[in-house]
Amino acid sequence: MTVVINILVSVIFIIALQLLGMLIFSWMTPFKDMEELKNGNVAVGLALGGKFLATAIILGVAAYTNSSIWFMALWFAVGYVCLVAAYWIFELVTIGFRISDHLKQGNVAVGTLLCFVFIGTAFAVSSLII
């Protein structure tokens with residue numbers, strides 16, 4: 001019975017961290033992500049999907065490599081900070097245009113690239129989680 005309770009607590013904690021991560025990401029954009037999705041903005045959908053998958057990768061590896069829920073949360077926080085840094089670095093190196101402006105305009109190429117920036121960063125960072 002203890003194993004079942006531990007798994008349930010871990011799953012609830014993982015879902016809470018995932019939602020918190022997505023909420024923080026939505027605060028970073030100057031537009032309302034859900035409104036853009038309702039309007040069919042594929043670029044924003046790709047970027048959000050990349051963020052969701054990237055945070056899930058980091059959470060999964062953090063959960064797999066740590067038996068303590070607190071260490072899992074700590075490693076998720078470290079990985080999450082790396083994802084946020086990747087976004088801002090990507091924004092800085094794209095000289096001549098703002099990523100958020102092109103996402104809002106529905107630029108699918110930018111949304112796709114940002115999606116893979118998040119996923120690639122998550123894979124790279126998750127390899128460092130111990």
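User: How do I read the way helix H3 and helix H4 pack, and at what angle do they cross?

Analyst: Two packed helices are described by the angle between their axes and the distance between the axes. This is a predicted model, and in it the axes of H3 (residues 42–65) and H4 (residues 69–93) come within 9 Å and cross at roughly 150°. Angles over 145 degrees count as roughly antiparallel, so H3 is roughly antiparallel to H4. The crossing is right-handed.

User: Which residues of H3 and H4 make the contact?

Analyst: On the H3 side you'll find Ala54, Thr55, Ile58, Leu59, Ala62 and Ala63. H4 brings Met72, Trp75, Phe76, Gly79, Tyr80 and Leu83. Sorted by class, that contact has ten nonpolar residues, two polar ones and no charged ones.

User: What about H3 and helix H6: are they roughly parallel or antiparallel?

Analyst: Read the angle again. The axes of H3 and H6 (residues 108–126) cross at roughly 5° and come within 7 Å. Angles under 35 degrees count as roughly parallel, so H3 is roughly parallel to H6. From H3, the contact includes Val42, Leu46, Gly50, Lys51 and Ile57; from H6, the residues include Val108, Leu114, Cys115, Phe118 and Phe123. Here the contact residues split into 17 nonpolar, four polar and one charged.

User: And how far apart are the axes of H1 and H3?

Analyst: Their axes are 10 Å apart, and the two helices pack at an angle of about 145°. H1 passes H3 in a right-handed crossing. Look for Ile14, Leu17, Gln18, Met22 and Phe25 in H1. They meet Leu48, Lys51, Phe52, Thr55, Ala56, Leu59 and Ala63 in H3. That contact divides into nine nonpolar residues, two polar and one charged.

User: Let me zoom in on one of those. Is Gln18 buried or exposed?

Analyst: For a single residue, check the relative accessible area. Gln18 sits in helix H1, residues 2–28. Its relative accessible area is 8%, and buried means under 20%, so Gln18 is buried. Setting aside neighbours within four places in sequence, Gln18 is in contact with Phe52, Thr55, Ala56 and Leu59.

User: Then how exposed is Ile15?

Analyst: Ile15 is also found in H1. With a relative accessible area of 48%, Ile15 counts as partly exposed.

User: Where does UniProt place the feature "transmembrane region"?

Analyst: The UniProt record, an unreviewed entry, puts that feature at residues 7–28, 40–62, 69–90 and 110–129. Residues 40–62 are 91% helix and 0% strand, with the end C-alpha atoms 33 Å apart. For residues 69–90, the span is 100% helix and 0% strand, and the end C-alpha atoms lie 31 Å apart.

User: Stepping back, how many helices and strands does the protein chain have?

Analyst: Six helices and zero strands. Along the sequence the pattern reads α-α-α-α-α-α. For overall dimensions, picture a box of roughly 55 × 30 × 20 Å along the principal axes, filled by the C-alpha atoms. Of the 130 residues, 40% count as buried.

User: And what share of contacts joins residues at least 24 apart in sequence?

Analyst: Among contacts between residues at least 6 apart in sequence, the share is 72%.

Notes. Residues numbered from 1 in each chain as written. Predicted model: local features only at pLDDT ≥ 70, side-chain atom pairs only at ≥ 80, totals over all residues. Heavy atoms only, no water. Axes fitted to C-alpha atoms, helices over the stretch in contact; angles between N-to-C directions. Helix = DSSP H or I, 4+ residues; strand = E, 2+ residues; numbered from the N terminus. Parallel < 35°, antiparallel > 145°, perpendicular 65-115°, else oblique. Left-handed = near helix turned anticlockwise from the far one by under 90°. Contact = heavy atoms within 4.5 Å. Nonpolar A, V, L, I, M, F, W, Y, C, P; charged D, E, K, R; others polar. UniProt positions renumbered as here; feature names shortened; annotations may be inferred. Buried < 20%, exposed > 50% of the residue type's maximum accessible area, 1.4 Å probe, protein only.
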